[in-house]
Every structure is written in structure tokens, then in C-alpha cells.
Amino acid sequence: MRGGTGGTESTKGGVRGDSMDPIDARLLRNRPQPRSLAVAYLLLIFGGIFGLHHVYLGNIRVARLYLFTLGLCGLGVLHDALHLSSMVASANRRSPPHTPRVPDLQGSSTEMQQQPTPTPP
């Protein structure tokens, strides 16, 4: 005999993954994940002179500088080792440099459609 609601019924926002609202699923899929201090330190240790930790934190221009100067001759890597926790916190506060395009419910992308240029009379 079954009484009440069982755990297998799907409800909006329920525990089953297939019952999630498509809009909620898109928002969860594209939510930027916070950067980890442990991952940033690992990248600093094993690829600091190449700027891998800056790529992880979204500082692409600084990463290029580190790549071509080998971490500012090692002095930049020493500076970053002391200030990496504040750099990770700053990266987590700002928005991600690139947000991927998400198809809407009709299947077209969310980027703006290019309007045809009107011909002069």
C-alpha cells in the first residue's frame, strides 16, 4: 500500500535531476565557479614562471607577460606567492572574463542577431 508522496515523484525544484526547470538548469550550468586557493597555489608552484596561475585567475595579459619574461625573472612569482590569497579573492569578486553563449528555449543563441543594413533610397 502506498500512502502520501513518495521520493520518486518529480516536482519543480525537487531532488531528481530530470525534473529541474530548463531555465534553472541553464543558470546552474553557466554559473561561474569560485576559484580555489589550493589550485592557484599548485599552479603557482608548478607553472608560476609561465603564468599558469594568472590564466586560472583570468589575468591573461599578466600571464603573457610572465610567459615571455619567465615570471619577471622569478621576482613576480615571489610576489605572487605572498599575495595569492588576495588575488584569488579579487578574481572571485569580479565577473568571469568570458561567459559562454547559452541557447534559449527556442534553440537560437542568446547573442544578438545581426540586422540587415537598409539600402538607401
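**Contacts, helices and a nonpolar patch**

Modeller: Among the contacts in the protein with a separation of 6 or more, 45% are made by residues 24 or more positions apart; contact means heavy atoms within 4.5 Å. This is a predicted model, in which local features need pLDDT of at least 70 and side-chain atom pairs count only at pLDDT 80 or more, while totals for chains, interfaces and linings use all residues. Residues are numbered from 1 along each chain as its sequence is written, and side-chain values use heavy atoms, with hydrogens and water left out.

Biologist: How many of the residues count as buried, as a percentage?

Modeller: Of the 121 residues, 17% count as buried. Buried means under 20% relative accessible area, exposed over 50%, and partly exposed in between, with a 1.4 Å probe and protein chains only.

Biologist: How do you know that the span of α4 agrees with its number of residues?

Modeller: The expected span is 1.5 Å times one less than the number of residues. Helix α4 (residues 60-73) has 14 residues and should therefore span 20 Å; its end C-alpha atoms are 18 Å apart, which agrees. There is also a kink of about 85° in α4, centred on L67; the bend at a residue is the angle between axes fitted to the seven residues ending there and the seven starting there.

Biologist: Which residues of α4 are buried, and what covers them?

Modeller: A63, Y66 and G71 are buried in α4. Their cover includes α3 (52-57) and α5 (75-93).

Biologist: Why is L70 called partly exposed?

Modeller: L70 has 45% relative accessibility, and therefore counts as partly exposed. L70 is placed in helix α4 and has a positive phi of about 50° although it is not a glycine. Most residues other than glycine have a negative phi.

Biologist: What makes L72 partly exposed?

Modeller: The relative accessible area of L72 is 35%, so L72 is partly exposed. L72 also lies in helix α4, and its phi is near 55°, a positive value in a residue other than glycine. Just after α4, G74 takes a positive phi of about 90°.

Biologist: Which residues make the nonpolar surface patch, and what is the rule for a patch?

Modeller: I49, F50, L52, L67, F68 and L70 make a nonpolar patch of about 590 Å². Helix α4 gives the most to the patch, with three residues. I49 lies in the loop between α2 (37-47) and α3; at 36% relative accessibility, I49 therefore counts as partly exposed.

Biologist: What can be said of the span, bend and buried residues of α5?

Modeller: Helix α5 has 19 residues and reaches 26 Å from its first C-alpha to its last, close to the 27 Å expected. A kink of about 70° in α5 is centred on H83. Buried residues of α5 include G76, V77, D80 and L84, and their cover includes α2, α3 and α4.

Technical notes
Helices (H or I, at least four residues) and strands (E, at least two) are DSSP runs, numbered from the N terminus. Patches are made of residues with over 30% relative accessible area and no salt bridge: like charges are joined within 9 Å, nonpolar side chains (Val, Leu, Ile, Met, Phe, Trp, Tyr) within 5 Å. Accessible areas come from the Shrake-Rupley method with a 1.4 Å probe; for residues, only the protein chains shown count as cover. A salt bridge is a side-chain nitrogen of Lys or Arg within 4 Å of a carboxyl oxygen of Asp or Glu.
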